[in-house]
Amino acid sequence: MKQSLGLIKWFDNEKGFGRIGTVDGTDIFISINQFTNRPSKVLKAKAIFFEIQEDKKGKKAVNVSDPETYDHFHYIMSLEESNPKVSIEFTIKRKSRWGNEYIRKEFRDSSIFNYAIYQLLRNKDPEEVKHFFVKNYEESHLDTAESIKKRFQTTREIIEKISFKTIKIDNEGNEIVKEVSSFEIINNIFTGYLLKTDEEYLFEIWRQNDHYRKQSNYLFNKIYEEKFSFPEKIFLDNYKKIDRNLIHKLLLDKQREDICSNIISKKIEDYNEIVETTYIDIKLCINELLQTESYSTLNESLFKKNIDIFFKEKSKWKESDYFNTFLNFLSRNSVGNQKKHAIDVINQNLDDDTIFKYWQEFKYFSPSKDFLNKHLEKLTHHDFINAPSEFHNEYFLNEYNKLNFDNSLLSFCNLLFLVLEIPDSQVQNVEDELNEKFTTAFWLYNSYYSNDNYNNYSKVHFNFDVTFSKENVKEYLNKVDNLNEIIYLIKIINEIYIIYTNHKPNSSNLTTFLRFSQEDKIRTVDELLKTSKYSLDIRTIDILKIILTHYDNEEKLKITADFIPKFIDPNDDNNFKELINSEDFFKNDSKNRNSYFKCLSELVTVPKKITLWCNDYTNEIEINTAIEFLKECPDNIQFNTLKKIFSSIHLNKKLITTELYRHFEDLANSTTLNLNVRIALYVLNTLNAKNQFINDKTIFELVSQRLNENVNELVKIDELLDKCTGRTWKSHSYDGGGKDKWFVNIGGHEFAVEDSSINIDGKNYYLNKDSKSININGIYYNFKWSKKTNIFHTKNYGIPDGLTFCDAFKSQLDTDLNLNFYWCCNSKCYSPCQKDYNPFQWKKYTLRDFIKILGIAFDNDLYYRFAAVINRVNRLLEKLKCNGCNKLMRDATTSEFAFYRVNTFHCTDSNCNEFHKTVYLTHCLNWRCLNIIDTRVSKACSNGWYICDKCDNCCSQEKIDARYQNLLTNAAFNPKNPRHQKLKFQVDNKLGHLERNEVYNYKTGEKK
């Protein structure tokens, strides 16, 4: 009876029967009694072989057995393509996402082939498994590459899913179970397959790696190849299909260099037309043999084949396009000397005229001197430029000899043209015959344009190569008294270079390959020597800068010390400015920088010495010299000079003498000094002599003197004290997250530290952490470290109206913040601007620093009041401009009532429509208001007092009484004077408007 194959669909083990799903899709009854080897339990999806018997009840399975024999295996393998399936119900036990167990039944299509083949093989010995597969492969007679590939793939998939074991008996009779790796079994099976495969299919199997285990590695492949070697014939027969990747694969398989070499040789034989893609494919194959002996031979063979192909087309040799195409091909694809060798062969087969024609057109080889000399008359300018350097040098020397160079300026100009015309021609070839001034000029010109400081010029400037060195230049400078001739020569060199580069040759005049005809040269040189205008504006100081770029700092200092007094006038304003800027040459070298400026200071006049001193370039100067200069220096730098004088006193208290105070007294009486200097000196003298500040009347006398000097100047006291930068408020930070920051404290001032340096006036000064000192402008200061945590929120409310200088006073403690605050215009300020400064901060000095430097005792409250007085004076001075002509008004009359002796002013310009019209200026009596009352703006109230245009206040009983009392005290009251009578009436009747709460309109003078 014919055997069938199927899977158990279901089976009742208690009752002993069930049903089978068969290959043809039918169901067959099965009884436990029909098993040839009765199992203890029959499971679903079990694969069984059986015979079909039919009776009255229908079909049933008899002679049921497990898959076991080769015949069973052969039958199962025959089902691979059709892969019949049986639908079997399975019970699935799972857990829900909440962890509850549940049971579900579902039908699944189960492959008869898969279940049967795994069931048959899983307990087989590996050797028997190999035997089954190889025998079946042979009997299958697979006749297409695709079917063979499919068999390799199926076998690989089956074996990789099964675990195999071998059992051996040791000498003591014990069983030894050993696992066998799947790739070893696959290896053995595939070797058997390959031995049974026809050669016509072997190449495709090898090319597509069908014979390898999936994801195999190099080591496995090596083991595999040792068991089976693909015949050489399959590779040679299929050489056209083999590319560089397959060549690489061949070499990896068994280092088959001989086969690869034969394959590439056959490809070269087929290569009969220059096609670059084909050439590159062959070339890439050859490159895979780079480490082999065949590489050079194949390379040479391929290149020779290209030459042979080119020579076969002899009729096209004289076609430029064809020749150029081949040259380009050589350039892209030649290795080593191949291109040179090919060109040598080509030139041997071309006539001389054709070679020159192609060289002119393509410059495809480097011609010899003889070749160029032979065709000299045919050379173009482009040919000449592209000739080799040895030809240029020889031509240069020949032409130089024709010049009969005599070290004249004319000969020098002709030499310049020659150098520019001939590439690679080096002046050093004839340098020994040149005058020293010419080689010096060449060296300086080269250095000038190689210096990055001159990047506004073209970086492509010609370089005149000379062996002349910087030391030779120094020696030359020692021999000459001025540099006029050298500067002239540098200008000539530059001018000829510019003329040469911009020159467009006239083809009718040009009879050689040179850009300039002889006529052009003669005319150009003649014009050049007659002109006085040159493109390059190089100066003596530029020569110094050029030279300094070639030396270290020590040498730079020596050179400048010799060069400046000999060649440069440092008292010329432009030179002086340039010399100051030359400090860049001493960056990061404070010692030599200071020495440089000390040297410079010794060479200049007093005003320039003072300039160096005032800009912290030098620290030493005679104090009397500085004081004398102060009398004569421009108004705008006077106060700055005074501050610098005090910085010297700060560093050397021995300068504080009786003579110094005499100087200050003389200066204070000098009307040529500006208002800030005179007030400062008056205060110092008064404090020293009387221990009191000058009053506002003295200040106004000084102001009046200034007004009499110049009515066109807007007078203001703007440098004397610490300027207000705005009222600052502080509170605890909202986020409460403090950030630590490091500071150094120098003389009571703290400076934030960034990258081991502090910044003062835009300059970085580096800290010496070991000695805890810092060098600032040549003077060493000690410092202390401090770390702060910022826990404050800070806000600046701007400068209060009418305030020039900080006049905050009465430091008090804010217990909430644990910080001191000052009263500023009736409000708190936590960062007053009044500070004491270090000597290196002298530019921030104020009157307060002057007083402390001189060691004069003073009352802080009086100082704050003085600052407030200065602010009031400034508010008054702002009103002094005439509305008619914008000039300043002068004082008109003195007052017997007012706080100031002078409070009436008038215009003194007779051409002005406001001429001699009296203007009354005074402060508002409201101490909270900082306004200046101006009669040009405000009207008077009924008591005759002018009304403030800001707060509407006019008069108070307190001020009326004070004015009346002032007259009585000074015995100035006159009962017959109407104004005095009116004042007494106001006192007697208490008519002060402030106390009566009466407010008047400043525009009309009427009561509101």
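Me: Which residues of α10 are buried?
Reply: This is a predicted model, in which local features need pLDDT of at least 70, side-chain atom pairs count only at pLDDT 80 or more, and totals for chains, interfaces and linings use all residues. Residues are numbered from 1 along each chain as its sequence is written, and side-chain values use heavy atoms, with hydrogens and water left out. Buried means under 20% relative accessible area, exposed over 50%, and partly exposed in between (1.4 Å probe, protein chains only). By that cut-off the buried residues of α10 are Ile259, Cys260, Ser261, Ile263, Ile264, Lys267 and Ile268.

Me: What distance does helix α10 reach from its first C-alpha to its last?
Reply: Helices (H or I, at least four residues) and strands (E, at least two) are DSSP runs, numbered from the N terminus. The expected span of a helix is 1.5 Å times one less than its number of residues. Helix α10 covers residues 257-270, 14 residues, and its reach is close to the expected 20 Å. The distance is 20 Å.

Me: With which side chain does the side chain of threonine 354 make a polar contact?
Reply: Threonine 354 belongs to helix α15 (residues 352-362) and is buried, at a relative accessible area of 9%. A polar contact is a pair of N or O atoms within 3.5 Å; within protein, one must be able to donate a hydrogen and the other to accept it, and residues adjacent in sequence count only if both atoms are side-chain atoms. At 2.8 Å, the partner is the side chain of aspartate 351.

Me: Which residue in β16 is the bridge partner of isoleucine 774?
Reply: Two strands pair if DSSP finds at least two bridges between them. The open sheet has the order β13-β14-β15-β16, with antiparallel pairing, and its edge strands are β13 (757-760) and β16 (779-782). Strand β15 (residues 773-776) pairs with β16 over four bridges. The partner of isoleucine 774 is tyrosine 781.

Me: Which residue in β25 stands opposite threonine 922?
Reply: In β24 (residues 919-923), five of five residues are buried, with Tyr920 and Thr922 on one side and Val919, Leu921 and His923 on the other. Three bridges join β24 to the antiparallel strand β25 (residues 932-934). Opposite threonine 922 stands isoleucine 933.
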